[in-house]
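Biologist: I would like to go through this model one feature at a time. Please start with the order of the elements.

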Amino acid sequence: MQAGSGIVTLITDFGWRDAYVGAMKGVLCSIMKEVRIVDITHEVTPQGIQEAAYILGAAYPWFPPGTVHLVVVDPGVGTRRRPLAGAADGQFFVGPDNSVLSAPLGRPGATAHLIEEIDFALPERSDTFHGRDVFAPVAAHLASGVPIERFGPRVADFEVCLLPTARLEAGRLIGQVVRIDRF
């Protein structure tokens with residue numbers, strides 16, 4: 001499967017007060033001049049991995065084939081957690097291996113690649129801002145048509161978490177709130 005739609009979506013827990021979202025967009029634009037960036041949200045609850053996974057699952061099916069979805073909700077930044085680039089349903093996904101990409105990568109036929117090829121990352125990398133230094137460059141290269149296999153080896157042991165489901169128990173509906181939208 002080849003990327004190249006030129007569309008990169010963003011889901012983060014960065015909020016809008018700081019320069020983080022802008023810095024990632026700057027990297028995307030520097031690597032791919034004609035990139036079309038779609039902000040899905042930057043208001044994920046800080047470190048809300050399940051919430052981000054839910055939002056990604058609700059949004060990505062509505063985008064055209066070849067879209068690259070960049071998700072940076074990463075409480076493990078600076079640790080040994082792995083960076084991933086994945087493919088499912090004709091689309092691409094970039095983010096940390098912390099189950100935030102569960103919605104698409106948990107589907108039949110999905111693939112994931114470990115991001116190991118450092119030529120696709122920024123030359124100087126911070127220990128705490130992989131969204132800018134690793135994930136955004138990989139997303140830009142995918143959106144410009146670089147084959148996903150170029151980023152690193154295929155892996156099958158990536159993290160997937162199933163979102164909680166409601167159940168009926170003794171006449172009561174039992175569930176867990178993952179996200180409350182503004183309505």
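Modeller: This is a predicted model. Read from the N terminus, the protein chain runs β-α-β-α-β-β-β-α-β-α-β-β-β. That makes four helices and nine strands.

Biologist: What does the radius of gyration say about the protein chain?

Modeller: The value is set against a rule for globules. Here the radius of gyration is 16 Å, close to the 16 Å that the rule gives for 183 residues, so the protein chain is as compact as a globular protein of that length. Along the principal axes, the C-alpha atoms fill a box of roughly 55 × 40 × 30 Å.

Biologist: How many of the contacts in the protein chain with a separation of 6 or more link residues 24 or more positions apart?

Modeller: Such pairs account for 71% of those contacts. As for burial, 49% of the 183 residues count as buried.

Biologist: Which residues touch the most other members of the largest nonpolar core?

Modeller: A nonpolar core is a set of buried nonpolar residues joined through side-chain atoms within 4.5 Å. In this structure the largest one has 31 residues, and Val8, Leu28, Val68, Leu70, Val94, Val138 and Leu142 touch the most other members. Two or more residues each come from strand 1, helix 1 (20-31), strand 3, strand 4 (83-88), strand 5 and helix 4 (130-143). Helix 4 gives the largest share, eight residues.

Biologist: What does Leucine 28 touch, leaving out residues up to four places away in sequence?

Modeller: Leucine 28 touches Val8, Leu10, Val35, Ile37, Ala136, Ala139 and Ala140. Apart from this core lies another, of 20 residues, including Val44, Ile49, Ile55 and Phe158.

Biologist: Which residues of helix 2 are buried, and what covers them?

Modeller: Buried here means under 20% relative accessible area. In helix 2 (residues 49-59) this applies to Ile49, Glu51, Ala52, Ala53, Ile55, Leu56 and Ala59. Their cover includes strand 1 (7-12), strand 2 (36-41), strand 3 (68-72), strand 5 (91-96) and helix 3 (102-105).

Biologist: How should I read a positive phi?

Modeller: Most residues other than glycine have a negative phi. Aspartate 89 has a phi near 55°, and it sits in the loop between strand 4 and strand 5. Alanine 170 also has a positive phi, of about 55°, and belongs to the loop between strand 8 (167-169) and strand 9 (172-174).

Biologist: Is aspartate 89 buried, partly exposed or exposed, and where does alanine 170 fall?

Modeller: Aspartate 89 is partly exposed, at 41% relative accessibility. Alanine 170 is exposed, with a relative accessible area of 80%.

Conventions
Residues numbered from 1 in each chain as written. Predicted model: local features only at pLDDT ≥ 70, side-chain atom pairs only at ≥ 80, totals over all residues. Heavy atoms only, no water. Rg over C-alpha atoms; globule rule 2.2 N^0.38 Å. Buried < 20%, exposed > 50% of the residue type's maximum accessible area, 1.4 Å probe, protein only. Contact = heavy atoms within 4.5 Å.
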